[in-house]
Amino acid sequence: MAPMAVALILSWWLLAASRAQQLPRPSLSLHPSQGVSLGDNVTLRCHLPQLAAWVWLYREGRWSYAKYSDKKQDTTEFSFLSTSREHAGTYSCQYQLSESEDISVMSDPVELVLTDRSFPPPHISLHPEERVGTGTNVTICCWNKDYGAAFLLHKDGRSAPIQRLVPDDVGAVSFTLFGVTPADSGTYRCSYRPRNYSFLSSPLGDIVTLEVTPTAAPPGAELVSRGNLVVAVVRGCAAALIFALGVFFVIDARSLWIRRDESLGGEGI
């Protein structure tokens with residue numbers, strides 16, 4: 001009987017898995033998507049590609065919340081009021097169709113990272129300072145020797161951190177921007193993830209401002225460029241003249257040969 005029971009359970013699991021693969025995957029979004037601090041309200045929205053009966057929300061791969069979905073709604077919301085450290089983590093959602101027992105696969109995960117203002121913000125410095133020319137390598141240093149386990153570099157106007165590094169033994173990191181261009185101009189700040197708290201963040205630290213100026217042409221470059229243009233034009237004209245003279249000589253030689261042949265023919269007559 002035991003082998004028969006195992007076979008039945010395995011068959012049921014395979015059937016459920018095949019049905020799940022046939023259903024479109026839901027998506028999960030976070031509102032607000034960034035800058036959420038401990039104590040703030042946050043909403044997770046599970047977007048349903050098909051009308052569902054039940055929607056489940058999972059935290060760290062474990063079932064946490066369930067909601068019965070109105071058949072007219074294509075989105076189900078899970079709201080946290082006054083978030084705490086226990087709410088931080090990775091979330092995903094899943095749904096079941098109302099007219100059957102088919103269950104979808106999990107959505108792609110989203111991270112709920114909460115800012116804990118009890119941690120001090122990191123320090124920051126910029127080298128070279130402030131204004132640099134195009135093509136310069138710029139280093140932004142961030143440090144906090146007491147708490148930082150991973151540092152993140154933020155640029156104002158970008159929704160996500162642009163770089164992430166693990167600090168050295170003294171709690172410092174150096175972010176390098178290679179060959180900067182005017183597009184790299186802007187305001188930069190750092191944050192860090194405290195040790196033992198993967199989904200908590202320090203507040204953003206002080207700002208540094210980077211200004212990248214277009215590299216000016218070296219003195220005399222315009223004169224050199226004009227001189228090169230003149231040389232090129234002269235060479236082109238000389239080549240055209242030589243070609244024309246060559247054509248002229250070929251035509252002239254041919255006419256001489258024709259006249260010579262005609263004169264020889266007249267003498268023979």
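Hi everyone, let's start with Cys-142 and Cys-190, which are joined by a disulfide with an S to S distance of 1.7 Å. That bond links distant parts of the chain, with Cys-142 in strand S11 (residues 138-143) and Cys-190 in strand S15 (residues 186-194), 48 residues apart. Strands here are DSSP runs of E, at least two residues, numbered from the N terminus.

A quick word on the source: this is a predicted model, where local features need pLDDT of at least 70, side-chain atom pairs count only at pLDDT 80 or more, and totals for chains, interfaces and linings use all residues. Residues are numbered from 1 along each chain as its sequence is written, and side-chain values use heavy atoms, leaving out hydrogens and water.

By disulfide I mean a pair of cysteine sulfur atoms within 2.5 Å, and the count by that rule is two. The other one joins Cys-46 to Cys-93, S to S 2.2 Å. Its S-S torsion is about 75°, so this disulfide of Cys-46 and Cys-93 is right-handed. Cys-46 sits in strand S2 (residues 42-47) and Cys-93 in strand S6 (residues 89-97), so the bond ties together parts 47 residues apart in sequence.

Are these cysteines buried or exposed? Buried means under 20% relative accessible area, with a 1.4 Å probe and protein chains only. Cys-46 is buried at 0%, and Cys-93 is buried at 0% too. Cys-142 is buried at 0%, and Cys-190 is buried at 1%.

Conventions. Helix = DSSP H or I, 4+ residues; strand = E, 2+ residues; numbered from the N terminus. Buried < 20%, exposed > 50% of the residue type's maximum accessible area, 1.4 Å probe, protein only.
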